[in-house]
Amino acid sequence: MKPPPFVYHGPATLGEALDVLAEAGPGGKVLAGGQSLIPLLNMRLAAPAHIVDVNRVPGLEGIEAGPPGVRVGALARHAAVERSPGAAAAQPLLRQALRLVAHPVIRNRGTVVGSLVHADPAAEMPAVLALLGGSVRLASRGGEREVPAAEFFTGPMESALRPGELALSAFFPALPPRSGTAFHEVARRHGDYAVAGVAAAVTLDEDLRVAAARVACVSVGPVPVVLDVTAACGPRPAASIKWEAVAEAVRDRIDPEGDIHATADYRRHLAGVLAARALRDAASAARGEES
Amino acid sequence: MNETRHHVTLTVNGVLREATVPGRRLLSDCLRHDLGLTGTHVGCEHGVCGACTVLLDGEPVRSCLTFAVTVDGHEITTVEGLARDGELSPVQRAFTECHALQCGFCTPGFLCTVTAFLRDNPVPTEEEALEAVAGNLCRCTGYQNILKAVHRAAELQAELHAEEDR
């Protein structure tokens, strides 16, 4: 259980980091928090020729929160984003989801952007970005590009990040007024990856009817599965909606696979139960009630 | 492959220590093999068990999921650095009093985790204490005595602070 040999690079500036990544090409891998990468190295599931450690690059740890949303830098640790009052105010779903990411000690080191680039379909952060319609900013020696969440996650553990690129930051948009969010998941043990999980966002109109309702499901597909369930809610006051019936629409539209952790049927069942809970809590939060 | 070695300087338990290590040297192995501090235990080596937890600039982290070269220039506290002037720390005393260890393999990780937790949250609720130790595995105790020790350590720490203030 030791990492395979690699050439270590510890660039001191962003320019230097991008130069090294450009030269390393497909053999280069960025190290930020390392809480997903180093287990893969220790178990020799990955053997990159070059590790580009960006921990010394200045200016990447920022958390900028404002009315449009929250921009999280490549070195912002899970714990820092979780504790940020500004981030919680601008986009409450971040803190709701971060509390479910591994354990506090892992969150001290792991980064939000790293979780996105790792693109584990069982992870919380990709689902949050996908549900909110956020984006990831990628930099290379040639320039920068902003990739929307819908195009960023391309498969299990696969993202749109190209060789030579560094994920600089991610943007989590705020929701309109009268919106609420929630995240529920079931894991075999506290802190494990979820067997299934659902993030929900509900926006109400001025008469407190559902104007928009969406969920993002984890562990039920190769990438986070985002479903719009507004139509299933109907033009009814949020307080009188039967969320279990709306959850049926989620069950019908997902196609989970079975594995050693759970059968496909069990995952489908769980996703429905969790969708009902998450939607109900999100609607309560949208009405300004504590869930 | 002839591996490049990197010179690293760490402040470990208040003492400046130096080592020359390959880039892939885990902090856990650097502490144990290069610096001879074998109090940090290595269990699963993929971040699950928590036995290797140390404090990096005061915050608990998995030393098996950190490269030594990444933390060059930083401060590390290991289990060897918790006692003060030959006196066990409140957390260490509480673990002894409450029988919160049997074989002791997981204990260094628990002690480092709980030390940082009680510094940030000196009077935790039952639920907060449970969450704090949930990332560390113990195969002997069944955790009940570890939870008792967390609360006992909070009491001992409060007594110690009261004495210091007098």
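Into which domains is chain A divided? In this predicted model, chain A consists of domain 1, covering 1–54 + 61–174, and domain 2, covering 179–286. Chain B is likewise assigned domains, namely domain 1 (5–81) and domain 2 (90–165).

**Domains of chain A**

- Taken over C-alpha atoms, the centres of domain 1 of chain A and domain 2 of chain A are separated by 25 Å.
- Contacts across the boundary involve 19 residues of domain 1 of chain A and 19 residues of domain 2 of chain A.
- On the side of domain 1 of chain A that touches domain 2 of chain A, at least two residues each are supplied by α5 (92–98), α8 (124–132) and β8 (153–155) of chain A.
- Of the elements on that side of domain 1 of chain A, α8(A) gives the most, with six residues.
- Sorted by class, the side of domain 1 of chain A that touches domain 2 of chain A holds 15 nonpolar, three polar and one charged residues.

**Domains of chain B**

- Between the C-alpha centres of domain 1 of chain B and domain 2 of chain B the distance is 22 Å.
- Here 14 residues of domain 1 of chain B are in contact with 11 residues of domain 2 of chain B.
- Two strands of chain B, β3 (53–56) and β4 (59–62), are the elements that give two or more residues to the side of domain 1 of chain B that touches domain 2 of chain B.
- The largest share of this side of domain 1 of chain B, three residues, belongs to β3(B).
- In terms of class, the side of domain 1 of chain B that touches domain 2 of chain B comprises seven nonpolar, six polar and one charged residues.

**Fold and dimensions of chain B**

- Chain B contains five helices and five strands, and from the N terminus on their order is β-β-α-β-β-β-α-α-α-α.
- Chain B is as compact as a globular protein of its length, because its radius of gyration of 16 Å is close to the 15 Å that the globule rule gives for 166 residues.
- Along the principal axes, the C-alpha atoms of chain B fill a box of roughly 55 × 40 × 25 Å.
- Buried residues make up 49% of the 166 residues of chain B.
- Among the contacts in chain B with a separation of 6 or more, 60% are between residues 24 or more positions apart.

Methods: Residues numbered from 1 in each chain as written. Chains lettered and ligands numbered in written order. Predicted model: local features only at pLDDT ≥ 70, side-chain atom pairs only at ≥ 80, totals over all residues. Domains from an automatic or database assignment. Contact = placed C-beta atoms within 7 Å. Helix = DSSP H or I, 4+ residues; strand = E, 2+ residues; numbered from the N terminus. Nonpolar A, V, L, I, M, F, W, Y, C, P; charged D, E, K, R; others polar. Rg over C-alpha atoms; globule rule 2.2 N^0.38 Å. Buried ≥ 20, exposed ≤ 12 C-beta atoms within 10 Å, placed from the backbone.
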